[in-house]
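Please look over the sequence and the model before reading on.

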Amino acid sequence: MMAPQVVSSPFLKPFFLKTPLSVGSSRRQRRHTLPASEFRNLTPQDAISVFEIEREAFVSVSGECPLTLDEVLSFLGQCPELSLGWFEEGQLVAFIIGSGWDKEKLGQEAMNTHVPDSPAVHIHVLSVHRQCRQQGKGSILLWRYLQYLRCLPSLRRALLVCEEFLVPFYQKAGFKEKGQSAISVGALTFTEMEYQLRGLAYARRNSGC
Ligand SMILES: CC(C)(COP(=O)(O)OP(=O)(O)OC[C@H]1O[C@@H](n2cnc3c(N)ncnc32)[C@H](O)[C@@H]1OP(=O)(O)O)[C@@H](O)C(=O)NCCC(=O)NCCS
């Protein structure tokens, strides 16, 4: 079996090896204690937890999940390094799943495609567990993810599509509107958003890449 991509490059930060967010007390915790807060790349073993959060978030609202369970499994198998999960005491509370994309704008085929070694990441889904929303977690996870992507040398841009009501949320995170997306799901239409990962040399120099 191939070694997992998450640890194969010196440029990729294996989140599971990083010190948990709340470092103060956790260093002295017993070994069997789960970290209070941990950020790491997801694996196919996380797919069920991912899908449960996703299903709750989307099915009751629009009837459609951005990713089916098979697509979650497929992306976490193909490009785990473009995902990020936030775990609290071992439970997934929020996640992002991305895949590689090589065209200027997102097209319908981007929904289930991963293009390896591409200059852009397509963020398929950001979702926070229902009980953890409105606490800043979505914004923090997105910020950490974008910082992490800056350390992946081939990436230049992050792209996503969202419904109109979430445009301000992504603008606050630094995304710019690119206009109406070519992607639609049933009657739902979307706005395409773009985040430039390059051109911030100062930020990169100081980001620990
Ligand atoms: C959207 C989402 C990721 C935000 O995460 P969060 O942790 O709740 O958000 P934060 O606490 O960091 O930020 C709150 C801000 O998010 C925005 N926001 C969140 N949900 C919103 C909604 N339903 N409508 C409009 N704005 C919303 C607002 O700007 C809000 O700021 P405000 O409270 O000052 O208005 C989360 O609500 C979620 O998982 N929703 C369901 C799944 C989803 O829609 N994902 C995005 C598309 S892939």
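A polar contact is a pair of N or O atoms within 3.5 Å; within protein, one must be able to donate a hydrogen and the other to accept it, and residues adjacent in sequence count only if both atoms are side-chain atoms. In this predicted model, an oxygen atom of the ligand lies 2.9 Å from a polar backbone atom of Gln134. The model is predicted: local features need pLDDT of at least 70, side-chain atom pairs count only at pLDDT 80 or more, and totals for chains, interfaces and linings use all residues. Residues are numbered from 1 along each chain as its sequence is written, and side-chain values use heavy atoms, with hydrogens and water left out.

**Ligand site**

- The ligand is surrounded by 18 residues; a residue is near a molecule or strand if one of its heavy atoms lies within 4 Å of it.
- The closest are Leu126, Val128, Gly136, Gly138 and Ser139.
- A polar backbone atom of Val128 is 2.8 Å from an oxygen atom of the ligand.
- Ser139 uses its side chain: a polar atom there lies 2.5 Å from a ligand oxygen atom.
- Gln134 sits in the loop between S4 and helix H4 (137–150).
- Gln134 has a phi near 60°, a positive value in a residue other than glycine.
- With a relative accessible area of 83%, Gln134 is exposed; buried means under 20% relative accessible area, exposed over 50%, partly exposed in between (1.4 Å probe, protein chains only).

**Overall fold**

- The chain has six helices and seven strands; helices (H or I, at least four residues) and strands (E, at least two) are DSSP runs, numbered from the N terminus.
- Along the sequence the pattern reads α-β-α-α-β-β-β-α-β-α-β-β-α.
- Of the 209 residues in the chain, 44% are buried.
- Among contacts between residues at least 6 apart in sequence, 66% join residues at least 24 apart; contact means heavy atoms within 4.5 Å.

**The sheet**

- Seven strands form an open sheet with mixed pairing, in the order S1-S2-S3-S4-S5-S7-S6; two strands pair if DSSP finds at least two bridges between them.
- Strand S1 (38–40) and strand S6 (176–185) are the edges, and each pairs on one side only.
- From one strand to the next, the twist averages 25°.
- Helix H2 (residues 47–58) packs on the sheet and touches strand S3 (91–101) and strand S4 (120–128).
- The direction of H2 makes about 90° with that of S3; axes are lines fitted to C-alpha atoms, for helices over the stretch in contact, and angles run from 0 to 180 degrees between N-to-C directions.
- S6 and strand S7 (residues 188–196) run antiparallel, joined by six bridges.
- Val185 has Leu188 in S7 as its bridge partner.

**Around S3**

- Ten of the eleven residues of S3 are buried.
- Strand S2 (residues 83–88) pairs with S3 in the antiparallel sense over six bridges, and Phe87 stands opposite Leu92 in S3.
- S2 and S3 form a hairpin with two residues between them.
- Glu89, in the turn, has a positive phi of about 45°.
- S3 and S4 also run antiparallel, with eight bridges; Phe95 stands opposite Ser127 in S4.
- In the loop between S3 and S4 lies Asp117.
- Asp117 has a positive phi near 55° and counts as exposed at 77% relative accessibility.

**Cores and His124**

- In soluble globular proteins, nonpolar side chains tend to be buried together.
- The largest nonpolar core has 43 residues; such a core is a set of buried Ala, Val, Leu, Ile, Met, Phe, Trp, Tyr and Cys residues joined through side-chain atoms within 4.5 Å.
- Ile97, Leu149 and Phe175 have the most contacts inside this core.
- Phe175 touches residues including Ile123, Leu142, Leu146, Met193 and Tyr195, not counting residues up to four places away in sequence.
- Another core, of ten residues, lies apart from the largest one; among its members are Trp101, Leu106, Ala110 and Leu159.
- The side chain of His124 makes a polar contact with that of Ser99, at 2.8 Å.
- Not counting residues up to four places away in sequence, His124 also touches others, among them Pro66, Phe75, Ile97 and Ala110.
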